[in-house]
Amino acid sequence: MIRINIYITSYQNEIIEEVESKLSQLGRILKRSRSSVVPQFYFYRLETNDKESIEKLLKEYEEKELISWFKVEVTLSEQ
């Protein structure tokens with residue numbers, strides 16, 4: 001299992017709930033937070049075996065303009 005950080009910008013709360021549900025199917029959510037400064041900015045830390053499926057899922061949401069931006073990065077952090 002690898003740990004990844006996911007950053008998402010979205011202006012639709014319903015979509016974030018849907019994305020979060022899909023993410024939990026692809027891995028185990030270790031941490032989630034929403035920026036207090038920019039409420040449209042979300043952060044997740046996941047433990048998963050399938051980074052590519054997560055990137056593909058988020059790319060589909062971005063192409064449909066349901067999320068504005070995303071970034072997925074592998075982390076070595078244990079927090």
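Tutor: Start with Glu65, which counts as exposed because its relative accessibility is 66%; exposed means over 50% relative accessible area, buried under 20%, and partly exposed in between, with a 1.4 Å probe and protein chains only. Before going on, note that this is a predicted model, in which local features need pLDDT of at least 70 and side-chain atom pairs count only at pLDDT 80 or more, while totals for chains, interfaces and linings use all residues. Residues are numbered from 1 along each chain as its sequence is written, and side-chain values use heavy atoms, with hydrogens and water left out.

Glu65 lies in the loop between helix 2 (51–63) and strand 4 (69–75). Helices (H or I, at least four residues) and strands (E, at least two) are DSSP runs, numbered from the N terminus. The phi of Glu65 is near 60°, a positive value in a residue other than glycine.

Now turn to another glutamate, Glu47, in strand 3 (residues 41–48). Glu47 is buried, because its relative accessible area is 16%. Its side chain makes a polar contact with the side chain of Arg3 at 3.5 Å. A polar contact is a pair of N or O atoms within 3.5 Å; within protein, one must be able to donate a hydrogen and the other to accept it, and residues adjacent in sequence count only if both atoms are side-chain atoms. Arg3 also stands opposite Glu47 of strand 3. Setting aside neighbours within four places in sequence, Glu47 is in contact (heavy atoms within 4.5 Å) with residues including Met1, Ile2, Gly27 and Leu30.

Thr48 is found in strand 3 as well. With a relative accessible area of 1%, Thr48 is buried. The side chain of Thr48 reaches the backbone oxygen of Leu26 at 2.9 Å. Not counting residues up to four places away in sequence, Thr48 touches Met1, Ile2, Ile4, Leu26, Gly27 and Ile54. In a regular strand the side chains alternate between the two faces of the sheet.

Strand 1 (residues 2–9) has 7 of its 8 residues buried, so the rest of the structure largely encloses it. Strand 1 is joined to strand 3 by 8 bridges, and the two run antiparallel; strands pair if DSSP finds at least two bridges between them. Strand 1 is also joined to strand 4, by 7 bridges and again antiparallel. There, Asn5 stands opposite Glu73 in strand 4.
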